[in-house]
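Have the model open while you read.

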Amino acid sequence: MPSARLIASIMIDLPAPVSPVTTVMPEFISRLSLSIMAKFFNLLATKEKMVSYGHDDVLKKIQRGAVEVLLLSEFLSDEEIDRFENEAANYSTKVEIISLETQEGAQLKEFGGIAAILRYEVHE
């Protein structure tokens, strides 16, 4: 979450009719999501044991406490999102909902809409 000082400095530079909540925050959130997805794909290519994807595999790793960041596609049902968010909360796992409006979001959908960046390598 951006600090109040960052938001204030952004607001100072905005023209009067522009709402910082509707204009600045979605762009900031979108960039953050893209950065997290870039990290996921980089780890997938270089350190495969530091990521997980697919419903069952990710759920198992959440329950082991191994998931640092849970990536959920917005195409999932509200029930699926709620279930994963509730499970993640039990293990202090950060949750990111990824938009389908980006290439990375479309790629996440191809992975079943559920992926994770792990805290440590899991060898099975």
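Gln63 sits in helix H3. This is a predicted model, so treat what follows as a reading of that prediction. Is Gln63 buried, exposed or something in between? Its relative accessible area is 41%, so Gln63 is partly exposed.

Leaving aside residues up to four places away in sequence, Gln63 touches Glu87 and Tyr91. Ala88 is another residue to look at here: it lies 25 residues from Gln63 along the chain, and the two C-alpha atoms are 8.1 Å apart.

## The buried side of H3

H3 covers residues 55-63, and its buried residues are Val58, Leu59, Lys61 and Ile62. Why do they end up on the same side of H3? Around the axis they cover an arc of only 165°, which is what puts them there.

## Lys61, a buried lysine

Lys61 is also part of helix H3. Its relative accessibility is 4%, and since buried means under 20%, Lys61 counts as buried.

Which residues does Lys61 touch, once those up to four places away in sequence are set aside? The list is Ser52, Ala66, Val67, Leu118, Val122 and Glu124.

## H3 against H4

Now for the helix pair. H3 and H4 pack with their axes 9 Å apart, at an angle of about 25°. That angle makes H3 roughly parallel to H4, because anything under 35 degrees counts that way. The crossing of H3 past H4 is left-handed.

On the H3 side, the residues that meet H4 are His55, Val58, Leu59, Ile62 and Gln63. Their counterparts in H4 are Glu80, Arg83, Phe84, Glu87 and Ala88. Sorted by class, the contact has five nonpolar, two polar and three charged residues. Some of these names have come up already: Val58, Leu59 and Ile62 are among the buried residues of H3, whereas Gln63 is partly exposed.

## Just past the helix

Methods: Residues numbered from 1 in each chain as written. Predicted model: local features only at pLDDT ≥ 70, side-chain atom pairs only at ≥ 80, totals over all residues. Heavy atoms only, no water. Buried < 20%, exposed > 50% of the residue type's maximum accessible area, 1.4 Å probe, protein only. Helix = DSSP H or I, 4+ residues; strand = E, 2+ residues; numbered from the N terminus. Arc of directions from axis to C-beta. Contact = heavy atoms within 4.5 Å. Axes fitted to C-alpha atoms, helices over the stretch in contact; angles between N-to-C directions. Parallel < 35°, antiparallel > 145°, perpendicular 65-115°, else oblique. Left-handed = near helix turned anticlockwise from the far one by under 90°. Nonpolar A, V, L, I, M, F, W, Y, C, P; charged D, E, K, R; others polar.
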